[in-house]
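Let's take a walk through a protein together, one feature at a time.

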Amino acid sequence: VKVRQEIGANKLALGHHKNDRAETVLLHFLKGTGLEGLAVMPPQDGWIVRPLITLSKDEILAYCTAHHLPYCIDATNAHDDYLRNKIRLSLLPQLRETYNNRLDDALIRLAILSGEDKDYWQQATLARWQQMGSCDEHSVCLDLSQWQTEPLSLKRRLLRYAYQLMRPQSQGLSFGTVELLMALAEGNNGSKTLHLPEGICAHKSYGRLCLAEKNEAESFSFCYEWSLNETLHLLELGLCFQAEFSEQPFSKPTDFWTIVVDGDKLPSVLTVRQRREGDNLQPLGMKGRKKVKNYFIDQKVPRNYRHQIPLVFADKELLWLVGYTFSEGFRINQQTKFFCRLSCFREN
């Protein structure tokens, strides 16, 4: 966006091609998605354009060869460490050979049809929101007496749209979180509050559902015991925690939502809670210890978001600052014989 403003550009051309689009549809399907996740990589999306999206990779390479045009291939495309690469290198070829040699065309038709349906539902959602929703500087509200009469699909979309108005840059709400919000809106137990991701609070009262910024003073609390042979559901944040053990090394995680640590150093039960005054750890790669408060400040984590970040403790030692780092004392080394992969992810 910064470069766009500096040079006055009105279009951004991306190099996605037909096979990219097909594998992305299949990737989203395997991970679980709705229309939005199937309607991927359209030829034009706002100021983004994809001039090669109707051409296959083979067609593009053949053109480059015929016209002596140099091109680069990312070496990591040949590795099967990532799910997308596994789909490209193994699953799609097998499906083409065994079930449908025109599978890419079928997946792209699905993307096109899903895109048309998505556009319709977006327009329908906006039209109904204008009749039953309201916004001000700090919150959005939904008239539940009108919302209750809508079809289930539109109900969910209106709730997602309300959250999108508060957090337009986010990836939206997971299916599990939307269901929690549905239960709040449909419940008959009077006033109640639900804490949503990224510092948003949903409150139901007097026939209205309102989403607003959550002040630090209004922060909720959570503290769970996590038995590592079970999945932990952190309902307040719509998160799941899972642990896997192996005598063989795991592949290196790509972010700090998943970490690999020395399994012999872990107790059988961990504690997952919010930060408290005085919490500190030795961040990965650092020699000294650091207060969690100062770590957040250095990482420019928004103040009203900090209380939503789970901290995972092994006994009294802070093991994992989920999404950001983990303790140097638990990292694997050449002496590690038992590996543990800890993962945190959104509920589907």
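We'll go through sheets, a residue in a helix, salt bridges and cysteines, in that order. One thing to keep in mind throughout is that this is a predicted model.

Let's start with the sheets. Strands of a sheet pair through backbone hydrogen bonds, and the pairing can be parallel or antiparallel. Take the open sheet made of three strands, which are arranged in the order 1-3-2 with mixed pairing. Its edges are strand 1 (12-13) and strand 2 (44-45), each of which pairs on one side only. Strand 1 runs parallel to strand 3 (residues 48-49), and two bridges connect them.

Have a look at strand 11 (residues 239-246) and strand 19 (residues 339-346): they run antiparallel and are joined by eight bridges. Along that pairing, Glu-244 stands opposite Arg-341 in strand 19.

Next, let's visit a single residue. Asn-19 belongs to helix 2 (residues 18-31). Is Asn-19 buried or exposed? Asn-19 counts as buried, because its relative accessibility is 19% and the cut-off for buried is under 20%. So who are its neighbours? Leaving aside residues up to four places away in sequence, Asn-19 touches Ser-56, Lys-57, Arg-96 and Asp-104. With Asp-104 there is also a polar contact, side chain to side chain, at 3.2 Å.

On to charged side chains. Those of opposite charge can pair when their charged atoms come close. How many salt bridges does the structure hold? There are 15 salt bridges in the structure. One of them joins the side chains of Arg-157 and Glu-36, with 3.0 Å from N to O. This pair links distant parts of the chain: Arg-157 is in helix 8 (residues 152-166) and Glu-36 in helix 3 (residues 35-38), 121 residues apart. Arg-157 is buried, with a relative accessible area of 15%, while Glu-36 is partly exposed at 41%.

Stay with helix 8 for a moment. The side chain of Lys-155 meets that of Glu-186 in a salt bridge of 3.1 Å, N to O. Because Lys-155 lies in helix 8 and Glu-186 in helix 9 (residues 175-186), the pair ties together parts that are 31 residues apart in sequence. Lys-155 is buried, with a relative accessible area of 9%, whereas Glu-186 is partly exposed at 34%.

Arg-156 and Glu-179 also meet through their side chains in a salt bridge, at 2.8 Å from N to O. Here Arg-156 is in helix 8 and Glu-179 in helix 9, so the pair ties together parts 23 residues apart in sequence. Arg-156 counts as partly exposed, with 22% relative accessibility, and Glu-179 counts as partly exposed with 27%. Salt bridges can link up into networks as well: Lys-18, Arg-102 and Asp-105 are joined in one.

Last stop: the cysteines. A disulfide is a covalent bond between the sulfur atoms of two cysteines. Which cysteines form a disulfide here? Cys-141 and Cys-210 do, with their sulfur atoms 2.1 Å apart. Cys-141 lies in strand 5 (residues 139-143) and Cys-210 in strand 8 (residues 208-213), so the pair ties together parts that are 69 residues apart in sequence. The link is right-handed, with 110 degrees about the S-S bond. Cys-141 and Cys-210 are both buried. A search of the whole structure finds one disulfide.

Terms used. Residues are numbered from 1 along each chain as its sequence is written. This is a predicted model: local features need pLDDT of at least 70, side-chain atom pairs count only at pLDDT 80 or more; totals for chains, interfaces and linings use all residues. Side-chain values use heavy atoms; hydrogens and water are left out. Two strands pair if DSSP finds at least two bridges between them. Helices (H or I, at least four residues) and strands (E, at least two) are DSSP runs, numbered from the N terminus. Buried means under 20% relative accessible area, exposed over 50%, partly exposed in between (1.4 Å probe, protein chains only). A polar contact is a pair of N or O atoms within 3.5 Å; within protein, one must be able to donate a hydrogen and the other to accept it, and residues adjacent in sequence count only if both atoms are side-chain atoms. Contact means heavy atoms within 4.5 Å. A salt bridge is a side-chain nitrogen of Lys or Arg within 4 Å of a carboxyl oxygen of Asp or Glu. A disulfide is a pair of cysteine sulfur atoms within 2.5 Å.
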